[in-house]
Amino acid sequence: SEVYREIEDPNWLSGFVSRQGNFIIDIRYSTEKTLKQVMLKFQVPVNIGDKNLIKSFSSYLGSGSFYSRDTRNIGDFRVQKVDDIFNIIIPLFQKYPILGTNGQKFAKFSRVADLIKNKAHLTVAGLEEIVRIKSSMKEKTDLCLTSTTENIGNQKVKSSVLRSDLKGSSSLGSYLAGLIEGDGHIAVHDKNSKSKVFRTKIIIVFNIHDKPLADKLSAQLKVG
């Protein structure tokens, strides 16, 4: 059975969200096509069976709920209360940054939050800017590359190349653990090999737009 674990290091969460987090800008209009509401949502897709993962998110953030989907065996952990977005989600990921394209999306998400705080979304110019930001966050995600690292546990990791605030191997290790849990696979042998020698591999699937992140990890770890 699944073992419940508390999230102990926010770097783990930033690593996980780098692959699985969604920052949503929801613009709602009335029937007269006039602005009704601009909502911000932080969302993470979760398998319905991963109840302990859902519990760990809620416990660590002190916010959020699980919403099931009708057609699939997955749901979403979601934070959407305005105060929680402003006071929990944005400060957390500003202090422990998300890398890759999700980091860029978070920056745009934060920009919209600033506009809402300043009531700019109630003006024509402000709403137009929010619409432009929302449109710029859309991208194709059907292309990906795979980064494979072997014997990662034997590597001496220095954090300065990857991210300046990851001070020491423990922080980087937590980030990588979150990244791997978010979109990684652990293989114990190579299916393409004719030999009977088993090899341990850690495989992380990246969006093609996150190739710079994959390259940084490879250079930092000196593997893959």
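Author: The charged end of Arg78 lies over the ring of Tyr67, 4.2 Å from the ring centre. A charge sits over a ring if NZ of Lys or CZ of Arg is within 6 Å of the ring centre and within 35 degrees of the ring normal. Lys117 also has its charged end over a ring, that of Phe86, at 5.0 Å from the centre.

This is a predicted model, in which local features need pLDDT of at least 70 and side-chain atom pairs count only at pLDDT 80 or more, while totals for chains, interfaces and linings use all residues. Residues are numbered from 1 along each chain as its sequence is written, and side-chain values use heavy atoms, with hydrogens and water left out.

A search of the whole structure finds 10 aromatic pairs (rings of Phe, Tyr and Trp, the last by its six-membered ring, with centres within 6.5 Å; planes under 30 degrees apart are stacked, over 60 edge-to-face, the rest tilted). One of them is the tilted pair of Phe23 and Phe109, with 5.2 Å centre to centre and 55° between the planes. This pair links distant parts of the chain, 86 residues apart: Phe23 is in strand E1 (residues 22–29) and Phe109 in helix H4 (residues 101–117). Helices (H or I, at least four residues) and strands (E, at least two) are DSSP runs, numbered from the N terminus. Phe23 is buried, with a relative accessible area of 7%, and Phe109 is buried at 0%; buried means under 20%, exposed over 50%, partly exposed in between (1.4 Å probe, protein chains only).

Phe42 and Phe93 form a tilted pair, 5.7 Å centre to centre with 55° between the planes. Phe23, Phe42, Phe93, Phe106 and Phe109 form one aromatic cluster.
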